[in-house]
Amino acid sequence: MRAQRALVRRQVRCLVEQGVTQFLDLGSGLPDEGYVHHTAQALNPECRVAYVDVDSTIAGDSAELLSGSVGTRFVVADCRDVEGVLRHDDVRAVLDPAQPFAVLMTELLLHVPDSDGADEFVASWVDALPSGGYLAISHFGEDGQVLKGLRLFEHLRFGRFPEVSLRSLERVAEFFAGLDLVEPGVVPAPLWRPEPDEEDVRNPGEVRMFAGLGRKP
């Protein structure tokens, strides 16, 4: 989880450096300390962030966490409904979909099996991006230890283990169809633009969590 949060911060910093000021975090969970809006607005106070999650039980805590934050909203919505999300009043309060924005899918696709149209789901968001928009993805890879860890984490969090889809690096790269991949492409998460002050990861090339960032031409 620490590595995942560090990755998101690196992706957000990269996006702000590219001039992005609008962020849509899909399947965000709780927008707690040190996450997207903290990172983006520390670099550019003009950045605006909409968090979207289907779990209504975290709406109250999310609102409390964002209390006093300028340019941020938390929205309870199904991110498969692209038009519904983009037309939501709270999303439109902080995001103009006609202008370039970044869509973050942090482990979101883990819960979207191919049988439910994972490719179509991603493509629908790519279609919604204007030219100059970005898609950021992180995704757990195929690994028995990863699956065991997910089972433990999800059991502690939900009391049950939902269906998950682990995918290879090559499969994750397919989700960026039609986008220009930002260097270094789709790679194990610790190798995606690591920063010198971050915690060292032993054998980073063997980490089964993959990350990438793509720009719409």
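How many aromatic pairs does the structure hold? I looked this up first, and I found one aromatic pair.

**Entry: basis.** I worked on a predicted model, in which local features need pLDDT of at least 70 and side-chain atom pairs count only at pLDDT 80 or more, while totals for chains, interfaces and linings use all residues. I numbered residues from 1 along each chain as its sequence is written, and I took side-chain values from heavy atoms, with hydrogens and water left out.

**Entry: the aromatic pair.** For rings I used the six-membered ring of Trp and the rings of Phe and Tyr, paired if their centres lie within 6.5 Å; planes under 30 degrees apart count as stacked, over 60 as edge-to-face and the rest as tilted. The pair consists of Tyr35 and Tyr51, and it is stacked, at 6.4 Å centre to centre with 15 degrees between the planes. Because Tyr35 lies in the loop between β1 and α2 (36–43) and Tyr51 in strand β2, the pair ties together parts that are 16 residues apart in sequence. I took helices (H or I, at least four residues) and strands (E, at least two) as DSSP runs, numbered from the N terminus. I then checked burial, where buried means under 20% relative accessible area, exposed over 50% and partly exposed in between (1.4 Å probe, protein chains only). Tyr35 is buried at 3% relative accessibility, and Tyr51 is buried at 0%.

**Entry: the chain as a whole.** I noted eight helices and eight strands. Of the 217 residues, 49% count as buried. The chain exposes about 10700 Å², of which carbon and sulfur atoms supply 49%; I used areas from the Shrake-Rupley method with a 1.4 Å probe, and for residues only the protein chains shown count as cover. Contact here means heavy atoms within 4.5 Å. Among contacts between residues at least 6 apart in sequence, 71% join residues at least 24 apart.

**Entry: nonpolar cores.** I defined a nonpolar core as a set of buried Ala, Val, Leu, Ile, Met, Phe, Trp, Tyr and Cys residues joined through side-chain atoms within 4.5 Å. The largest core has 33 residues, and those with the most contacts inside it are Leu24, Leu26, Met105, Trp125 and Leu135. At least two residues of this core come from each of β1, β2 (48–53), α4, β4, α6 and β5. Helix α6 gives the largest share, five residues. Apart from this core lies another, of 32 residues, with Val20, Phe23, Ala102 and Tyr134 among them. I also listed the contacts of Leu26: not counting residues up to four places away in sequence, Leu26 touches Val52, Cys79, Val103, Leu104, Met105, Leu108 and Trp125.

**Entry: helix α6.** Which residues of helix α6 are buried? In this helix (residues 118–128), I found Ala118, Phe121, Val122, Trp125 and Val126. They cover an arc of only 135 degrees around the axis, so they are on the same side of α6; the arc is that of the directions from the helix axis to the C-beta atoms. Glu120 and Asp127 are exposed on the other side of α6. The cover over the buried residues includes β1 (22–26), α4 (82–87), β4 (102–106) and β5 (134–140).

**Entry: cysteines.** I searched the whole structure for disulfides, meaning pairs of cysteine sulfur atoms within 2.5 Å, and found zero. Cys47 is buried at 1% relative accessible area, and Cys79 is buried at 11%.

**Entry: the loop between β6 and β7.** Val182 is found in the loop between β6 (180–181) and β7, and is buried at 15%. Leaving aside neighbours within four places in sequence, I found Val182 in contact with Cys14, Tyr134, Arg193 and Leu213. Pro184 lies in the loop between β6 and β7, and the peptide bond from Glu183 to Pro184 is cis, with omega near 10 degrees.

**Entry: the loop between β7 and β8.** Ala189 lies in the loop between β7 (187–188) and β8 (209–215), and is buried at 1%. The C-alpha atoms of Ala189 and Val8 are 9.7 Å apart, although 181 residues separate them along the chain. Arg193 lies in the loop between β7 and β8 and is partly exposed at 33%. Phi of Arg193 is near 45 degrees, a positive value in a residue other than glycine.
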